[in-house]
Amino acid sequence: MDKSLKVNIQKKLNEFDLKVDFELKRGCLGILGPSGCGKSMTLKSVAGIVDPDKGIISLKTNEETTYFDSDNKINLKPQKRNVGYLFQNYALFPNMTVEENVACGLSKDSDEKRVSEMIRRFHLEGLEKRYPRQLSGGQQQRVALARILAYGPDVILLDEPFSAMDAFLKEQLRLELVNLLEDFDGFSILVTHDRDEVFQFCDDLIILDKGKVIAQGPTHEVFENPGKVQVARLTGCKNISRVEIIDDYHVKSLDWGVEFEASEKISPGITHIGIRAHDFSAAGKDEVNVFGTNDSSKLEKPFEWEITLANGLWWKVDKKIHEHDFVIPEYLKVDPENIILLEE
Amino acid sequence: MMDWSPIFISMKTASVSILITFFVGLIVAWGIVKMKNDTIKIVLDGIFTLPIVLPPTVVGFFLLYIFGVRGPIGSFFIDFFAFKIAFSWPATVIAAVVMSFPLMYRSSRGAFEQVDSNLLDAGRTLGMSEWKIFWKILFANALPGIISGGILAYARGLGEFGATAMLAGNIADQTRTLPMAVYSEVAAGNMGDAFNYVIFIVVIAFIAIFIMDFVSLRKEKQWK
């Protein structure tokens, strides 16, 4: 029995054409991209809130359900899709209590037991009679999740679930959501612009830019081998430079004025290289991929030194909270294995 | 002896007209909010708002044109029901409905537009029917604005003078509403009787505003 969620849609938007195509076979898919890249639009199309111009969306569990099929003129109403959507602002009904919010998607018969079960599961005991505005941001999110899960969806869609929260709350709720998704045996899609979130939650990843899929695959692979400049940037590579190819294993960085050796053979399509900010280390003068650190400046953070070299490279070094001194070594190197070769 | 008939006529007219104005205004506002074509939307919005911008006598002029003996609707009623609308009691209701409609329509439209559209989409993804979404989410969350629109429309209908005078006239015991009675008594030099009517109108208006503030304040407090 192969479960899958197939999405292949096109839609004309003001700024660009959205064109996404993916098939989800397990767990949680992350859609990462800058704001306005079409990721929320994709999610809304799956939920049926927005209609694509063309394409197919179908879910296969025990049976196959076609949500949308432009060729056969199928467009299932959101009410019939059995999809849970967690809105960025949670969209709790302000005129209903916590209890009423959780119960609103249920038919009368199974009501009370299921509601109290969800209230317990999401630690909302004692808050049943409160209105959403009387709750904290974290409690609101729990109510929204309880409401979705009470409904028993096949697919859960999460639209930037942590964007409106302070850092502390975010950490805590991320943990709760990770646990929740592990228990949930349907599919879920998380849309976000935060790479840490997709890394934590998602087995597979899609990177969207201006409506196009620019990278796709298991999350760890995409992070390790971004392949394209834009993907490297979105997965958090701090240092990216245009390069000139010297020979099969050497490039000259045009932005930093340094030559680098790579561990793989450089194909002619390579236009940029990337170096992650944590991948530098102190070195002797005669090693491979070495450069001087004259005129660099450092910035202290609680658990990290952030060093900016004169040529614009960023280096991050972990530290302990009570360490306040750091001497920048005279020379730094990058292991050839850590030179990320990129195409435009 | 004070003539009580203007009070009864006015209460009857205002009550019947608010029933019509409330539901029609609500439905029209919902239709306009849902409308996708902006040009039609703007034109219709202009037409529905016109009665509060135009002088009441001008609105009355148009009403007379439509409901008068030779007007399209007026002559239809005469031919088929042998009923003359102009200068009858129903004419006071027509004038009050048309004049108070914009207040109801605009208030409920504004209140609908204030409701976060994500709430409606959330309702849809949770399997709620469109009917349930309209009443339980949209209407319920727009209620304070809708109620204040309704009460303003009620007060406006109660105080209607110009269009009523044109379409319904000022016939004692039939179409003489409170504002009409105030005018007639003052014209006849009976300041004392006019004063009684004035007091009555002021008290009703004050109660209406009090209810409006009370209801919207209570609702907001409950949710906040």
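This is a short chat about chain A of a predicted model and its contact with chain B.

User: How are residues and chains labelled here, and what does the model count?
Analyst: Residues are numbered from 1 along each chain as its sequence is written, and chains are lettered from A and ligands numbered from 1 in the order in which they are written. The model is predicted, so local features need pLDDT of at least 70 and side-chain atom pairs count only at pLDDT 80 or more, while totals for chains, interfaces and linings use all residues.

User: How many helices and strands are in chain A?
Analyst: Chain A has eight helices and 22 strands. These are DSSP runs numbered from the N terminus (helices H or I, at least four residues; strands E, at least two).

User: And what share of chain A is buried?
Analyst: Of its 344 residues, 38% are buried, with 20 or more other C-beta atoms, placed from the backbone, within 10 Å of their own.

User: Switching to the other chain, how many residues does each side give to the contact?
Analyst: Chain A gives 19 residues and chain B gives 16 residues. Contact means C-beta atoms, placed from the backbone, within 7 Å.

User: Which helix of chain B gives the most?
Analyst: Helix 6 of chain B, with six residues.

User: Back to chain A, what is the angle between helix 3 and helix 4?
Analyst: About 140°, with the axes 10 Å apart. Axes are lines fitted to C-alpha atoms over the stretch in contact, and angles run from 0 to 180 degrees between N-to-C directions.

User: Which residues make that contact?
Analyst: Helix 3 of chain A uses R114(A), V115(A), M118(A) and I119(A), and helix 4 of chain A uses A146(A), L149(A) and A150(A).

Conventions
Contact = placed C-beta atoms within 7 Å. Buried ≥ 20, exposed ≤ 12 C-beta atoms within 10 Å, placed from the backbone.
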